[in-house]
Amino acid sequence: SNPFEVKVNRQKFDILGRKTKNDVGLPGVSRSKAIKKRNQTLLKEYKEREKTNVFKDKRFGEYNTKITPEEKMIRRFTLERQQNYGKKNIYNLNEDEELTHYGQSLAEIEKLNDIVDSDSDTEERGTLSAELTAAHFGGGGGLLRKKVSSEQQDEEEEKPKSRKELIEEMIAKSKQEKQERQTRRESALELTEKLDKDWKEIQTLIARKTPKSERNDKEVEKPKPDEYDMIVRELGFEMKAKPSERLKTEEELAKEEQARLQKLEADRLRRMHGIDEEANKKRPSHMSADDLADGFILDKDDRRLLSYKDGKINIENEEEGEEEGEEEDNENEEESQEESASEDEEDDAADGHSDLESDLESEGEAAENKEEKKHKANENESQNVEKLDPKREAAKSELPYTFAVPESYETFKSLLAGRTIEQQLIILERIQKCNHPSLAVGNKAKLEKLFGFLLEYIGELATLDLPELRTIDKLVLPLYNLCQMFPEAASDSIKFILRDAAHDLEEVIEVKGRATFPGLDTLIYLKIVSLLFPTSDFWHPVVTPAFMYMSQLLTKCRITTLQDVIKGLFICCLFLEYVSLSRRFVPELINFLLGVLHISLPKNQAQGYTVVHPFTPVGKNLELLLVCDKEDLKSWEKQNVPLSTVTRLKETSRTEINHTRLSCLALCFDLIKKCAVLYESLPSFHEIMHPVRILLTQHMPVNEYPEKMQEWYHSALKELENKVKHYTPLICEKKKPVPLKQYTPKIVKVLEFGRKQAGSKKEQERKQLIQRHKRELKGAIREIRKDNQYLARMQLSEIMERDAARKRKVKELLGSLATQEGEWKAMKRKKWKN
């Protein structure tokens, strides 16, 4: 290198973190330094990328002080077993487990058992004497000299002993001590044996039993057991807990219930046909004299005990017993004759074949006996039929225990026709149990049809002249059970009903321009929706359409009769039931209640409120709830408005109609009170209920109403007025007024591009930071790019080295093959020439 091209920058002090500019600058030196630095860092990391030279202590719980050593050992043993479990051959059944103790195999430890020599001391086996340990492990001579006596020390000073002599002397001394200990032990054993023999000889002379009187005096009272001991013994003798029966699945319960009902039905059919199980039991037609009567059951113990009186058998008791038996037989002769007619026949037949039959009986008498027996048998059969008739009638009148799911609505209706509500519920329950979906494949579709049939049946009951509301109320329970089993089919059925009702309402409005409230069946369907499905959801496939349909009824159906008012109030009650949890605001509800209050006022009255459709401020349908008869006002009592009054309101008297009007008005006050409680948290509550408050305070003739009605009125008004205004109404935000356009000049700063503009100190520091950040970012990107290029070169050099080695090996192989081929051809040529 040219020395004139070398540039040296010296630095007085070394400062950490500062880039140095005092390096010797040569052409290409900075690049070679960067490559050298990358060789020391990047290349080293690249070569050691797959190597690990760090030892990690992976023993379980080694540095955990909260675990005891026993738990550590148990946990390590289980982990070792888990690791070795998967590595073993699962099909090797003769493989034994290797048990370890502190890392050592127990099998190897057992092999290294120390063999006890006969010469060795059994008590002190395995211990070494102090001289031996000092000689072998303590350096030898120094400790041995301390044990030698003073005379020997004088001799050693004159003539020191060698190490071999000292060890031999020590071995001889240890053997001598061992021999002495063995002799002492043998002598002690001989003395104990001799003492045992002498004791056995003397023991027979010393043994003497103490008399009972002395023994009782000397007996020491046994200590009474402690309470703790008694409790422990009781716990020991306590009954151990027995495992309870497992809970059965729904399928198992359904199968058991089906089997039970089938058995009961078979029993009912047997009783209905007059088949008696006891009569079907086979009885022996003939009983031999040699029969031991092993199967004889003694129903009544007529045996008598033998008694003797004055040395003779007492016969009087026997005669009295016989007389009593005869009297009882005479009294119960008629009853037993009917019941045991068949038995007598069999017994007579058995007696006819008996081995004890009298030989003196004539043939004529036997024929007469046979005719009498036949006559008796016929009479008994007729009596049995008369007895079975009431049982058959009872079995016929009893409900069957198994039912098939009806395929059509007519079949379903005929199945329930003429039955009481309790019987109808039992039939529906047995249909569900006998045709559970888990018992057969097609039962699910059949029960889904049953839900539709039951809905149609409820609608038909509601459309009768006298609607059976109590029956409908009871039938909701099986309807709910079916809905829980098949929610999709239930929702489809009810959606179909609601869709048809809404479509009919729209058609009537298009044709006539107005609509009337639907029938009682549709109102009951709306009530059933709230019982079967959740009404608090934000959106529901069944409840949401029902919600919309009810809101259309309150806004599009005109109020022309008192029945319409009752139906509308029923829908208002349903609305409050629907939104009781979600607290959703229903404007149709408030408007309808306002209209109900409006039609209870006289026509010619000043208004400070607006009435919304379907109510009109002027018309012939006003004053539907107005009651002017003072006697009816006095005689009115608060009562609920039954829904059945919708169908039979025309047949009632004028007084009852007035009472119904007052009950509707009281219900309206109650609904206003509930709305005030429900919607008190709304921001615009006061604005919403303002028309209702005006109508109640300014227009209602409260003094004319009964006292009970006044109480309902004041409670509703109190709920409206006591609500504090929690929220301010929404208003538009106040904005600054837009200034007028003026013709003042706009001063704009002229920027000189290419120069740094002057500014405040903070602005200059901010620009400097941005500049430094850009510079550092560029430098980092440049270094990363160079590092990637360096790594790419290293990878390419490795690939080229591998390729060159592979080519070299291929050439060597091809060369060796070529030489082999040449040698083979030369050898072949040589053979051919020969």
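Does Arg38 count as buried or exposed, and at what relative accessibility? I looked this one up first: Arg38 counts as buried, at 11% relative accessibility. Buried here means under 20% relative accessible area, exposed means over 50%, and partly exposed is in between (1.4 Å probe, protein chains only).

**Entry 1: ground rules**

I am working with a predicted model, where local features need pLDDT of at least 70 and side-chain atom pairs count only at pLDDT 80 or more, while totals for chains, interfaces and linings use all residues. Residues are numbered from 1 along each chain as its sequence is written, and side-chain values use heavy atoms, with hydrogens and water left out.

**Entry 2: confidence**

I checked pLDDT, the predictor's confidence in each residue, from 0 to 100. The mean for the protein is 76, and 70% of its residues reach 70 or more. In residues 140-148 the pLDDT is below 50, and this stretch has 14 contacts in the model beyond near neighbours in sequence. Residues 318-364 also have pLDDT below 50, with 29 such contacts. A contact means heavy atoms within 4.5 Å.

**Entry 3: the whole protein**

I found 31 helices and four strands; these are DSSP runs numbered from the N terminus, helices being H or I with at least four residues and strands E with at least two. Of the 834 residues, 24% count as buried. Among contacts with a separation of 6 or more, 71% come from residues 24 or more positions apart. The accessible surface is about 65800 Å², and carbon and sulfur atoms hold 53% of that. The areas come from the Shrake-Rupley method with a 1.4 Å probe; for residues, only the protein chains shown count as cover.

**Entry 4: helix α23**

I then turned to α23, which covers residues 543-556 and has 14 residues. From first C-alpha to last the helix reaches 20 Å, close to the 20 Å expected at 1.5 Å a residue; the expected span is 1.5 Å times one less than the number of residues. Its buried residues include Val543, Phe547, Met550 and Leu554. Their cover includes α21 (487-512), α22 (520-532), α24 (562-578) and α25 (587-598).

**Entry 5: salt bridges**

I searched the whole structure and got 16 salt bridges, each a side-chain nitrogen of Lys or Arg within 4 Å of a carboxyl oxygen of Asp or Glu. Back to Arg38: its side chain meets that of Glu783 in a salt bridge (3.2 Å, N to O). This pair links distant parts of the chain, with Glu783 in helix α31 (residues 761-833) and Arg38 in helix α1 (residues 29-40), 745 residues apart. Glu783 is partly exposed, at 38%.

What lies between Glu460 and Lys413? They form a salt bridge, with the closest N and O atoms 2.4 Å apart. Glu460 lies in helix α19 (residues 443-462) and Lys413 in helix α17 (residues 409-416), so the pair ties together parts 47 residues apart in sequence. Glu460 is partly exposed at 26%, and Lys413 is partly exposed at 35%.

Lys825 and Glu821 also pair, at 3.5 Å between the closest N and O atoms. They sit four residues apart in helix α31, so about one helical turn separates them. Lys825 is partly exposed at 42%, and Glu821 is partly exposed at 44%.
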